[in-house]
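Here's a quick briefing to read alongside the model. Have the viewer open as you go.

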Amino acid sequence: MNPTRDALIVEDVLAGDKEAFGSLVHRYKKPLYNLAYRMTSNREDALDLSQEAFVRAYANLHRFDLKRSFFTWLYTICLNLTRNHLEKKRETLLDQTETLERQVRSAFPPADELVGKKQVTANLEKALQRLPLDLREAVILRYLQELSFEEITQVLGISLSAAKMRVYRGLEKAREAIAELGGKP
Amino acid sequence: MSSEKTNRDPSGTISTLRSEETLDRGDGIVPAHGGRTPDHDVDEDPALASLGEMFRSLDDLEPPEEFTSHVMTRVREVQRSLPVRLWIALTRPRTIRVNLAQAFAGACIAMVLLLVAGPALQRVPFGGVPASKPAKEYLVQFTYRDPGAAAVYIAGTFNQWKPEEIPLADVSGNGVWTATVPLKPDVYEYMFYVDGHWKSDDRAAYYKDDGFGRKNAVLRLGNSHEALS
């Protein structure tokens, strides 16, 4: 066994050194926060979900298999929390989105008046939010979190071919969404 | 049709996994062949690959500064139940650590015991087990050069990779950071922790992949025969 330093820190934490967990938080707070943000498109929700993921990870640390990668386990916890959160809020979110879009249309210029990178970024972010959850997760993990396919299989608990399929389908649907938004895919 | 199963994660949350490897394409549509899906290689579609690169270029957000402290406040409030504590105690490996002061105190006590009890031990017919030689210890000086660094630490398997436990000092102010660490004969992996970032020792004789795309320096002391790869 060649334990990673994460596993060694986990051992320390389980041996009673709670503060050692802080180094894991420090190391993974940014990717986890961004993962939750890209899934929810809401900074407050992202903050709550990513912090909750760390607390859940700590509370369940005795179940962590030291042979596994800590961060893929952490990502799995965060994504499960995020899925549950989004499913609970789905109806509310749909209503809010329609209201919000009306407000945005009246308050801001339409997307085609935005220029350059801002427009591209806005279209990419909108396209991401239009993806079904499972495809959104795959695209985010692959391109925004830059995980390997092997790591994606560990996080999502799916096979390699399923991971590739989700990324592929996710990009296809994102391209369709961007085309609908009037942008260049 | 996609078979579904409920997966309970250690976090206590429930997720749904679909056995889509064989059937579900992710959009609820089952492929006509009903068998294995073909490989979906984004790299074979330049337009999709380009879109992936565009996603990759989206900027990351910085989490709020108080993120870690908020999490740690909540972590400190978590109390493990007695069965869980027992489970951890029974199943997890433990590492015994001794600092220099403790080692010195222990050595003093051992010497006193030897002086007091030593002659008596020699009179015991089968008690004359020769004391093993004390393990040899090396004083290893780690050096890191970076005039622009604000804080440099050394961390490795010898201190369970605690990043900010062993500081290096730039005594002369010329950007050469050093620390001397007593180590017993063994094979160690280590890295420098410089201003919050892990840095490899580019002057090491051996390296090992650390699983994060960087290389741990490997230090071999004494006659350890652990394989180096």
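Predicted model: local features only at pLDDT ≥ 70, side-chain atom pairs only at ≥ 80, totals over all residues.

Residues are numbered from 1 along each chain as its sequence is written, while chains are lettered from A and ligands numbered from 1 in the order in which they are written.

**Where the chains touch**
- The contact draws 60 residues from chain A and 50 residues from chain B; two residues are in contact if their C-beta atoms, placed from the backbone, lie within 7 Å.
- On the chain B side, β2 (14-18), α1 (46-56), α2 (67-77) and α3 (82-91) each put in at least two residues. Helices are DSSP runs of H or I with at least four residues, strands are E runs of at least two, and both are numbered from the N terminus.
- The largest share of that side, 8 residues, comes from α2(B).
- By type, the side of chain B that touches chain A has 23 nonpolar, 13 polar and 14 charged residues. Here Ala, Val, Leu, Ile, Met, Phe, Trp, Tyr, Cys and Pro are nonpolar, Asp, Glu, Lys and Arg are charged, and the others, Gly among them, are polar.

**A helix pair in chain A**
- α2 (residues 21-40) and α3 (residues 43-59) of chain A pack at about 140 degrees, with their axes 8 Å apart. Axes are lines fitted to C-alpha atoms, for helices over the stretch in contact, and angles run from 0 to 180 degrees between N-to-C directions.
- α2(A) and α3(A) are therefore oblique to each other (under 35 degrees is roughly parallel, over 145 roughly antiparallel, 65 to 115 roughly perpendicular, the rest oblique).
- Residues making this contact include A:F21, A:V25 and A:L32 of α2(A), plus A:L47, A:L49 and A:F54 of α3(A).

**Two faces of α1(B)**
- B:L48, B:L51, B:G52 and B:F55 are buried (20 or more other C-beta atoms within 10 Å; exposed is 12 or fewer, partly exposed in between, with C-beta atoms placed from the backbone).
- The face turned away from the buried side carries exposed B:P46, B:A47, B:E53 and B:R56.

- A:S41 isn't a glycine, yet has a positive phi of about 60 degrees; A:S41 sits in the loop between α2 and α3 of chain A.
- B:W161, also not a glycine, has a positive phi of about 60 degrees and lies in the loop between β4 (152-156) and β5 (166-167) of chain B.
- B:W161 is buried, with 26 other C-beta atoms within 10 Å.
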